[in-house]
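Hello,

Here is the model I promised to pass on.

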Amino acid sequence: MEQCLVEVRGIKKYFPGIKALDGVDFKIRAGEVHALIGENGAGKSTLVKLLTGVYQPTDGKILLRGKEVGFASPHTSQRAGIAAIHQEVTVFPELTVIENVFMGHHIKKPMGLIDWGQMREKTGALLEKLEVDIDPDARVKNLSVAERHLVEIIKALSFDVDVVIMDEPTSALSLEEVKDLYQIIRQLKKEGKAVIFISHKLDEVYEIADYFTVLRDGKYIGEGLVKEAGVDKIVAMMVGRSLSQIFPKVDVEQGPTIFRVKNLSKTGLFKDITFELHEGEILGFFGLVGSGRSEVMQVIFGIDQLSEGEIFINGEKVLIRNPTEALDKGLSYIPEDRQQQGAILKMNIRENVTLPIVNELSHARKFLNKKGELKVTQEYGSRLDIKASSWEQLVETLSGGNQQKVVLAKWLATKPKILILDEPTKGIDVPTKAAVHKFMGELAKQRLGMIMISSELPEILGMSDNIVVMHEGCIAARFTREEASAEKIIKAATGHI
Amino acid sequence: MKSTKKMPIWHILMQWEVILFFMLVVVIVVNSSLSPYFLDLNNILRTTFNFTEKAIIVLPMMFIIICADIDISVAGIIALSSCFMGLASQHLGAGTPALIFIGLLTGLSVGILNGLIITKIGIPAIAVTLAGLFLFRGIAYVILGDMAVTTYPESFAYLGQGCIGNTRIPFQLVLFIILAIIFGIVLHKTTYGRKLFAIGNNSTAARFSGINVDRIRFFNFALIGLLSGLASVLLTSRIGSTRPNIASGWELEIITIVVLGGVYIFGGTGSILGVVISILMVGLMRFGMGLINVPGLVMNIAMGFLLIIAILLPGSLRELQSKILTKQQQQ
Amino acid sequence: MFEKVLKKREFTLFVLLVFLIVIISLRSPRFLNIANFRDILDDTALLAMVAMGQFMVILIAGIDLSVGAEVALAGMSVALLHQYHPEIPIFAIVLLSILIGFSLGSFNGILVSLLGIPPIIVTLGTMGIYRGFVFVVSGGTWVSAHEMSDAFKNLPRGGFLGVSNLLFAAILCVIIFGIFLKYTRAGREIYGVGGNEIASQYVGINLKKIKYLPFMLTGSICGLVGLLWVARYASAQSDTALGFNLQTIAACVVGGVSIFGGSGTTLGVLLGVLLLGVINNALTQINISPFWQMGLQGLIILVAVIINTIMERRTQELIIRRRNL
């Protein structure tokens, strides 16, 4: 029995109001690629932060090569040989690639001054090894999202490590880049390093991992050899219920075209976007991060201005210069990043839900109408089953799923005819996911037209009536629900059509 | 589902306004024990003359800071306004109504200029208003140089020095009270106020929610410009003269009062009650210390400490509460 | 390669500076001589030193409003010390001034790093506290020229190779901190913390240390500057260096330092100081009344800031455009 490189026993991590990890066991051996699986909110990222010294455990032990250790800071965990590529891209935008790689562990000359020459050489070598074409002196803020992700990977590899942790590393990469990443992982394995690979995409797990551990709601559920386990078993462990319960797609008869976009372009972001949406339809938009989907929707909603193109609502050409005009025309947009764009965390549920319609609810369009606001909040809050102790509760104290419900309630309260949902179930727990999907089905029955942007293949395949695939700012392919398959969609999204 | 939630005593005590209120009481008690002249209503009324102009600017500064902006050019606006009023009075023989108009118009125009550069070109407010401070006061220096204008019509003096009817209540004070009430209502009871808090907390989410963030920020700068013009009218009227160096250093004191009043410097929270108590507290403190001949600079020491303590208190209380909550969880 | 230089902010500033000098020289040929430049450099030396400190504070996304007060308090303290104890050797006075500045700056630094109070608030408070203490320690009096020994007053003036001590101190200061910011870990971590605090935590940077350092260093610089200031102007008063804090912020802003932290260069700050300094001093040379000083400075700040913002935006647009679409 090989000795475990890193082992975690009975780990607990509590925050005020949240039990992020509640008794987790985990072990990894040298030369092993170990997948840490779980839905969003299962506690995977928290475990990573504990292993990298960003957090300290509330209870439990961490053992390195059999000896108990404590990581008081990222420094200590790095020195112990553990490096991580975190899910949030944490770069220094104003600084160069070289510096992003070496921040925190700059190479020094014997006299104590920084050795820029050596750092540049090493960075260049790492870039070559990964076959990545980025100028080491480029300022990171000028790089694309995928390039920034690659810089993160190089950063982790610049340490002298035994354990490399990768938290959802493929979310921004193209097919080619993902293949390169697998190569790197195999190389690391050969060198006797251990790789902890966190993902909720099972196809990746099957491709690259030897062993897996499943977490759910902060607890350890099970583990095993990837080769032996079956998909259904793993999914059942992850999710606690079967697949069909998550995507309750109901067939709805589609009505006339209510929304149409023709040759929409914005210099530098997307080009020639043309599509239409019918009453009762759910139009899925798939694409890798950076393909331009959110940008298209933000132009449609009036947050940004278009360079060229036309928008038609119910056959009439419209000009949308700002969100207020979009709202007036019955168009609402639920943004992707619920904490930055969707909700105002330090305000309460009622204030959030009524924000877009605060003028309409007010007396004489000026004076706040608390009673009216409560009524609306009560109506939509209970329809979406938001769990909170009162409507005056601050949104930041709610769980991710409930926060998303608040954002949904907010936009539903504007009584839209056309609803754009940007990654509506990203980062929320499975029961809420199912609830959101069920709700979308109801909205379709109520003759709303919906555009759903998603990066999750099961969601796109499960929920859409029609699918548009974007790649680098253009529409790469269109599929009806019947035509679509995972393979076709991925091929289009990575530019292989 | 309940619509409101009862707050434990703990929470109530931790509220900024309550802490501030206690500080106000302390200030009053300490000062009245130091001087018998302190608790004299006439004296207090008379001292508001020295303070009301600043207090008037505190109100729109509150809006600006709640929106996570800042304006350090206000003293420059006062100087420029006063300069133009002086010119109009001296060279054009303008009467009081015209002077008021000029003073307000200058302030408004400059505020609009600030607002446009900040929202349309997108330069951070601190940089633009810093340049503005130099520029506006600089223009006043260029125009007036070393000299002071002292020729103002008699009726002009009423604004800054006069009282209401036969009472001892200064006209300025009444003006301030009316403005404070208006600002308070706008901040807490209107949609504009709600939008201010939204913008200060998360301008991106506010924009996504259909709020015209740039228009509101622009309006805030125009407003503070206008009110700086008003303050300039009152100040010039009170001291009866114009010099390019009037209101020197006022911007920082105004910001101190706003922050002391519980408005978070990075925006998003604040209340009219806190700000008004802060104005009262600082005003009374200056008055009281002046009575026992404490020099202005030394008063600033107290103000400085007050500011730091006021910031520390709620934060440390909140941390204590957090620790208690986490311990409870583990049991 | 040359293209890269042309696009840099600092180049634009340099051009602006040269432009200014040319215009002024046209109006007054007297302007263009060594002795004159030396005077200008002497005059801007004090601003340059404190601006370096402010630069470091702005880099960590903070601001230091108390620099003027630190200069005044340190200056007044050593002036008084010298007045009542003229036997203390000058070099001891120099060390003391730095020590006093160090303590003042450290107080700021501790409040920011350990207690987590936003820098603008801390320094707004200490600005009042320190300047108030100038009054307290001096009892409201001033220290004037005849209460200072010649050695004291000559400290900034004396020098060699035609360069005054004051100028040497400034050059040394700029070089030392320039090297510190570019070639030491702590210096680079200052850029890191200002650029992305969360990322800095993830890579194990000691946030508390890095947030404390700029304030302590600024304080120490102000200590020395305090001494040089009162010696140069042969007077220590309660309004010494009043308004200096805004000048240092202006110099940084003009020099292209981002007010949000994480970016800026020593060269830029230097150019910013020179631009403002030239305006300060050149005016009297060409018979423009000194009353134009403030206004022109404001104009320069505004122009520089607008140019910086527009240039930055254009570079971003070019990059997006270059990315295939």
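In this predicted model, 23 residues of chain C are in contact with 26 residues of chain A. On the chain C side, three helices each supply at least two residues: α9 (185–195), α10 (197–202) and α14 (293–322). α9(C) gives the largest share, five residues. By class, the side of chain C that touches chain A has 10 nonpolar, nine polar and four charged residues.

Now the contact between chains B and C. Chain B puts in 36 residues and chain C 38 residues. On the chain B side, the elements that give two or more residues are α7 (125–144), α13 (250–260) and α15 (296–330) of chain B. The class count for the side of chain B that touches chain C is 28 nonpolar, seven polar and one charged.

Next, chain C itself. It has 14 helices and four strands. Along its principal axes, the C-alpha trace of chain C spans about 75 × 55 × 35 Å. How does the radius of gyration of chain C fit a compact globule? It agrees: chain C has 20 Å, and a compact globule with 325 residues would have a value near 20 Å.

Two further numbers on chain C. Buried residues make up 54% of its 325 residues. Of the contacts in chain C with a separation of 6 or more, 78% are between residues 24 or more positions apart.

Best wishes

Terms used. Residues numbered from 1 in each chain as written. Chains lettered and ligands numbered in written order. Predicted model: local features only at pLDDT ≥ 70, side-chain atom pairs only at ≥ 80, totals over all residues. Contact = placed C-beta atoms within 7 Å. Nonpolar A, V, L, I, M, F, W, Y, C, P; charged D, E, K, R; others polar. Rg over C-alpha atoms; globule rule 2.2 N^0.38 Å. Buried ≥ 20, exposed ≤ 12 C-beta atoms within 10 Å, placed from the backbone.
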